Amino acid sequence: MSIELGHFALILACAIALMSAIGGLTLWRSGERLASVLAQSAILQFVLVAVAFLAVVQAFATSDFSLALAANNSHSLKPMIFKISGVWGNHEGSLLLWILILVLFGALVAAFGRRLPADLLNLVLGTQSLLVVAFGGFTLFTSNPFARLAQPPIEGADLNPILQDIGLAIHPPLLYAGYVGFSICFSFAIAALISGRIDQAWARWVRPWTMLSWIFLTLGIAMGSYWAYYELGWGGWWFWDPVENASFMPWLAGTALLHSALVMEKRNALKIWTIFLSIITFSLSLLGTFLVRSGILTSVHTFASDPTRGLVILAILAVLIGGAFLLFALRASALRQGGLFAPISREGALILNNLFLATAVGAILVGTLYPLILDALVGTTISVGAPFFDLTFGALMAPLLLIVPFGPLLPWKRADMLAAGQRLVGAAGLAVFLTILVSALGGVSISLAPLGLLLGFWVTFGAFAELIERGRIGRIPARESLRRLAGLPRSIWSTAIGHMGLGLTVLGIVSVTAWETELVTTLNPGETTELAGYTVAFDDFAQIPGPNYMADTGHFTLTAPDGGTSKLDAERRTYVASGMPTTEAAIATFGLSQFYLQLGEPLDNTHVIRIWHKPYILLIWLGAIVMAGAGVLSLTDRRLRVGAPQRAARQTMEPAE
Amino acid sequence: MKRLIVCIGLLLALMSPALSVSPDEMLDDPVLEQRARAISAGLRCLVCQNQSIDDSDADLAKDLRILVRERLVAGDTDAEVQQYLVDRYGEYVLLNPRLNEHTWILWIAAPTLLAAGLGGIWVASRKRPLGSGEETLSEDEQRVLAELSETSDGRTDKA
């Protein structure tokens, strides 16, 4: 019964969304009264979709196998957390989650956006509802999660055992929250294009939503990367896989949007570009969610290889994205272009930031789609893999990283490069010194390693230059400096911390790329081997039965150079039902470095052991978490508080330096 | 979610019994072995999704790794080994596509985008002389901002 209730709730939500879409997009000039109706509708849509979602969750939680989706993807003996995460471990359920997050964001705009001008709110909620209609309709007509089975099986088919991981429970919702959040920026852009009105206040309203989505996406990508690292068993953390690229492109575009909205907010420039970025960021998110899954890109990543679904999804994407760009082409010239900048200025630096990020998005997009297009047009198959992306992306990021520390130090409008440079002398000196020191100690295994290190240290330390400058550290008594620092706007802190996080991630990547050491050897219980100053002793080997698998388990003792020891248990599991082997790597953490051990296959009565020492690898993900934390800090800045533009006037009237 | 799918793909690839580089394949000469690893990292495992033969556990990848080492022992240069594999399996085997009549667009894409962006910025900055940026807010903007700051407690009706 509750399943049918859920089904009905989703249909109702779509019907209401349809009315909102038509009303909002045609009668948007009706002002306040329509706005309150649309706001209520947005909240109602959320409640209804939540009911629909909970109905499916309940069926999974209570193992109601009369629901086809549960029968195909769940099992009564699964732990509760995996029963629930199993809801979005399939095509239909993940679509439902996607729509739930979509209406949640719509409801948030309705709840927090009461101070938006009514016309703008009407258009934003209208566009948002249009998205609900498109994807809700797609779910109902092609991917119904509420289908019942006439003869329910006694037991479910179970979720793939490998996917029963806490990573799966959290990773998709985070990623989806990031993707879907950009729909708000998209709706704001459409609203600006239709109404022909766009100003600094618009940028101020859009920025918190961009920031929120960006935080989710940052965490989602970082988590996915760490999950692949520990789960896939050979210690890789980024593969330039089309699926990863699809999540990375909206992140890069979203990062560019954060920075361009800043220029628009402060200088009333880059309006058309910011609108364009808003549209492109959400388009890339749609591409990330659906194009990859439609079966067009690569077949292995698809849940549903049903070509009808793929075609319908492509049609929806074509209409939404094509429509948005058509509107852009027709209306962009009607927007009054502000936009004045001197090359050496804060806005000049931010424009360069956008140039490099946008080019990187373009390069990754071309690299991801090129083999596909070439195959379709010419019939030649080529591969575009990690070496290509490393080279292209690296070449674009190096100059960007070089300018990052300058950005916050350059005043708006017209700046003095020399003055900014003087404030960075300390950071530059420290970066050069540490690079020489580390290269001397670690040896230079890759010729570009020192350059990477230099950039990493430069960004990390350069991030503090503005704090040092504003706090007058070293020039006035320490107590006075602290007082000044504490009084700084949070946006300044969040810029510094965010850029520092970026530097940390760069350092982690460089360190693990240049100084990772690997050992592949054969070992018997009782024997020891050495890597990077660590001693690995193979204590014993046992075959231990797990709940639904047999595990070959190797117990190892790892002795660090300082004498500390830790136990490592690595497994090779064979799942009874499927006969599928998996490896469970053992990971020991020393500070920010990790020791990664994998028990390989038996070879001539001995065991193949693969060991990696990954120096400072945790910096990669720590940097991402620091970046996301900086985003949260920025959201708490009351000037940026969601939907709180009332202080706009004072800020924009700030005298220029 | 998508990570999950990659995972399935990669794990399906894991189903074959062999695992990536194993000691019995490795060459005794550390210099040659190092070259073999470097070459392997740039060769696609043809039956996997986006994995190099150095990372892959598929049987085919193992065969290719052994083949690469045989060619190196026979005295081939790195380029000759690559060419040998391309002759057998086509350009598809190279993860880093070589510049040719089919891939030049791919290779010039990023530099072209960058140059176009720089050109656009240059044109935009030339069009409007510096200094005219000192303009104050327009009437329209001042009106909007004034409304926003006045009506901080209620929704602003249409401007």
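Two residues are taken to be in contact if their C-beta atoms, placed from the backbone, lie within 7 Å. By that criterion, among contacts in chain A between residues at least 6 apart in sequence, 75% join residues at least 24 apart. The model is predicted, so local features need pLDDT of at least 70 and side-chain atom pairs count only at pLDDT 80 or more, while totals for chains, interfaces and linings use all residues. Residues are numbered from 1 along each chain as its sequence is written, and chains are lettered from A and ligands numbered from 1 in the order in which they are written.

**The two chains**

Helices (H or I, at least four residues) and strands (E, at least two) are DSSP runs, numbered from the N terminus. A residue is called buried if 20 or more other C-beta atoms lie within 10 Å of its own, exposed if 12 or fewer, and partly exposed in between, with the C-beta atoms placed from the backbone. The table sets out the burial of each chain in these terms.

| Chain | Residues | Buried |
|---|---|---|
| Chain A | 657 residues | 55% |
| Chain B | 159 residues | 36% |

Chain A contains 21 helices and nine strands, and its C-alpha atoms fill a box of roughly 80 × 75 × 55 Å along the principal axes. The radius of gyration is taken over C-alpha atoms, and the globule rule is 2.2 Å times the number of residues to the power 0.38. For a compact globule of 657 residues the radius would be near 26 Å, and the 27 Å of chain A agrees with this.

Chain B has six helices and zero strands, giving the pattern α-α-α-α-α-α along its sequence. Of the contacts in chain B with a separation of 6 or more, 52% are between residues 24 or more positions apart.

**Helices of chain A**

The expected span of a helix is 1.5 Å times one less than its number of residues.

Helix 15 (residues 425–442) of chain A has 18 residues and reaches 25 Å from its first C-alpha to its last, close to the 26 Å expected. Its buried residues are A:Ala427, A:Ala431, A:Thr435 and A:Val438. Seen down the axis of helix 15, these buried residues fall within an arc of 75°, so they line one face of the helix; the arc is that of the directions from the helix axis to the C-beta atoms. The buried residues of helix 15 pack against helix 16 (449–462) and helix 17 (465–471) of chain A, whereas the face turned away from the buried side carries exposed residues, among them A:Val425, A:Phe433 and A:Leu441. Helix 15 is followed by A:Gly443, whose phi is positive, near 80°.

A:Arg331 lies in helix 11 (residues 307–331) of chain A and counts as partly exposed because it has 17 C-beta neighbours inside 10 Å. When residues up to four places away in sequence are left out, A:Arg331 touches A:Leu193 and A:Gly196.

**Sheets of chain A**

Two strands are said to pair if DSSP finds at least two bridges between them. In one open sheet of chain A, four strands follow the order 1-9-8-7 with antiparallel pairing. Strand 1 (517–523) and strand 7 (586–590) stand at the edges, each with a single partner strand, so one side of each is left without a neighbour in the sheet. Within this sheet, strand 8 (residues 593–603) and strand 9 (residues 606–614) pair in the antiparallel sense over eight bridges, and A:Tyr596 stands opposite A:Trp612 in strand 9.

Another open sheet of chain A has five strands in the order 2-3-4-5-6, again with antiparallel pairing. Its edge strands are strand 2 (528–531) and strand 6 (581–584), each of which pairs on one side only. Strand 4 (residues 549–559) and strand 5 (residues 565–575) run antiparallel and are joined by 11 bridges, with A:Tyr549 standing opposite A:Tyr575 in strand 5.
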